[in-house]
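Here is a short briefing for a first look at this structure. Take in the sequence and the model, then read on by topic.

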Amino acid sequence: MPNGSDSSSYDLFLSYNSADHALVEEIARKIRDEHLEPFLDRWYLLPGARWRPRLEQILGSCKAVAVFVGPGEMGRWQQRQVHIALDLQSGNPNFPVIPVLLPGCEPPLGFLRQTTWVDLRNQVLDRGIAILIEAARGEASGPDLQKHIDSVRGSICLNRGLLYFREM
């Protein structure tokens, strides 16, 4: 387990909206059970310390980033973390930025849409976490993952953004 001053030993930075904290923390515990060290801010940020520079330092030294997308919008700080993660990826194409779809959400838009996501919406949580762990380690999940991705893509409503323009 990393100590408060050693940020290089985190394998996976967990970026999430605070509204999704309970589920993300459950996932973080399962990730640790599989011998991967996640950085969950509530576990490692010291009370009373300046947290923003510490988050940037840790984010820049992690081996991968998981961006959890819940049913609500991404939080302001989460959006900033995503910008930093995508910037890191632009300098190192092998740096994984992994969108993780939580139950009740829609697939991400924008730059996150350009990467393959881990879908926890309609599958057994443990299988999704296994896929996330493989992705964080830089390992492919094999043909089962591709079958799952194809089924998810088939369920996406291409017109979902047009709902705001419906005639009344």
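A residue counts as buried when its relative accessible area is under 20%, as exposed when that area is over 50%, and as partly exposed in between. By that rule, 44% of the 168 residues of the protein chain are buried. The model is predicted.

**Overall fold**

- The protein chain has six helices and five strands.
- Along the sequence, these elements follow the pattern β-α-β-α-α-β-α-β-β-α-α.

**Salt bridges**

- There are five salt bridges in the structure. Three of them are described here, each in its own group.

*Asp11 and Lys63*

- Asp11 and Lys63 form a salt bridge, with their closest N and O atoms 3.0 Å apart.
- This pair links distant parts of the chain, as the two residues are 52 residues apart.
- Asp11 sits in the segment before strand S1 (12–15). Lys63 sits in the loop between H3 and strand S3 (64–69).
- Asp11 has a relative accessible area of 14%, so this residue is buried.
- Lys63 has a relative accessibility of 48%, so this residue counts as partly exposed.

*Glu25 and Arg29*

- The side chains of Glu25 and Arg29 also meet in a salt bridge, at 2.8 Å from N to O.
- Both residues belong to helix H1 (residues 21–33). They are separated by about one helical turn because they are four residues apart in that helix.
- Glu25 is buried because its relative accessible area is 17%.
- Arg29 counts as partly exposed because its relative accessibility is 45%.

*Lys30 and Asp126*

- A salt bridge joins the side chains of Lys30 and Asp126, at 3.1 Å from N to O.
- Here too the pair links distant parts of the chain: Lys30 is in helix H1 and Asp126 is in helix H5 (residues 125–136). The two are 96 residues apart.
- Lys30 is partly exposed, with a relative accessible area of 27%.
- Asp126 is partly exposed as well, at 46% relative accessibility.

**Aromatic rings**

- The structure holds six aromatic pairs.
- One of them is formed by Trp51 and Trp77. The pair is edge-to-face, with 4.9 Å from centre to centre and 80 degrees between the planes.
- Trp51 lies in helix H3 (residues 51–61) and Trp77 in helix H4, so the pair ties together parts that are 26 residues apart in sequence.
- Tyr10, Phe13, Phe39, Trp43 and Tyr44 form one aromatic cluster.

**A positive patch on the surface**

- Which residues gather in a patch of positive charge on the surface? They are Arg50, Arg52, Arg76 and Arg80.
- Arg76 lies in helix H4, which covers residues 76–91.
- Is Arg76 buried or exposed? Arg76 counts as exposed because its relative accessibility is 66%, and the cut-off for exposed is over 50%.

Notes. Residues numbered from 1 in each chain as written. Predicted model: local features only at pLDDT ≥ 70, side-chain atom pairs only at ≥ 80, totals over all residues. Heavy atoms only, no water. Patch = residues over 30% accessible without salt bridge, like charges linked within 9 Å, V, L, I, M, F, W, Y side chains within 5 Å. Areas by Shrake-Rupley, 256 points an atom, 1.4 Å probe, with all protein chains shown as cover. Salt bridge = Lys/Arg side-chain N within 4 Å of Asp/Glu carboxyl O. Lys, Arg positive; Asp, Glu negative; His and termini not counted. Charge placed at Lys NZ, Arg CZ, Asp CG, Glu CD. Buried < 20%, exposed > 50% of the residue type's maximum accessible area, 1.4 Å probe, protein only. Phe/Tyr/Trp six-rings, centres within 6.5 Å; stacked < 30°, edge-to-face > 60°.
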